[in-house]
Amino acid sequence: MKKILLITTLLISTLAASAQKNTSLSYIDKFKDDAIRIMHETGIPASIVLGVAMHESGCGNSTIAQNLNNQFGVKGYNTVVYTKHNKKVRTSYKRYDSVFDSFQDFARIMTERKQFSHLADALTHYDYKGWAKGIQRAGYAGSRKWASQVLGIINRYNLNDLDENPATQTQLADATTKQQ
């Protein structure tokens, strides 16, 4: 009886721990509307906002995403303190009130910082590939594989469907016209 109780307890604690983790699909479902809103406000593709956030935060499962709502690894100007496992942790990462605030700050960085702002002038919100490569070239990440990793996430989950590609819209309109 003790073995059954022990196994049941272990199973419940394992399920509870795994239930707390975001999956890629749950992260997309939770934040796709925020990414689309950012796209409409700034012109940055929703697929880029979501794909970069998923890549940088491990779908919201990283320590700074969980404790600071920081989805992009953005550094701040002040030291932030948070508690993890009853210990105070000091970090230079920026704290946000919400994930949406983190998305907005990423968009602000992309549109206002000189090293990235040229992308908004040169690219549309349909050109997610150009955005990923441009962000990498502008020095967002040190890895030479960064853009291909973000593009891999976008392609795996068809995040570019969120970008309202004009070719797709035309195909939908044509299909609707033919049905009438």
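Reader: Is Phe103 buried or exposed, and what is its relative accessible area?

Author: Quick note before we start: this is a predicted model, where local features need pLDDT of at least 70, side-chain atom pairs count only at pLDDT 80 or more, and totals for chains, interfaces and linings use all residues. Residues are numbered from 1 along each chain as its sequence is written, and side-chain values use heavy atoms, with hydrogens and water left out. Buried means under 20% relative accessible area, exposed over 50%, and partly exposed in between (1.4 Å probe, protein chains only). Phe103 therefore counts as buried, with a value of 0%.

Reader: What kind of aromatic pair do Phe72 and Phe103 make?

Author: Rings of Phe, Tyr and Trp (its six-membered ring) pair if their centres lie within 6.5 Å; planes under 30 degrees apart are stacked, over 60 edge-to-face, and the rest tilted. Here the centres sit 5.8 Å apart and the planes are at 65°, so the Phe72 and Phe103 pair is edge-to-face.

Reader: And which type of pair do Phe72 and Phe106 form?

Author: Phe106 is buried too, at 1%, and Phe72 has 2% relative accessibility. With 4.3 Å centre to centre and 5° between the planes, Phe72 and Phe106 are stacked.

Reader: Which ring does Lys75 lie over?

Author: A charge sits over a ring if NZ of Lys or CZ of Arg is within 6 Å of the ring centre and within 35 degrees of the ring normal. Lys75 lies 4.7 Å from the ring centre, over the face of Tyr93.
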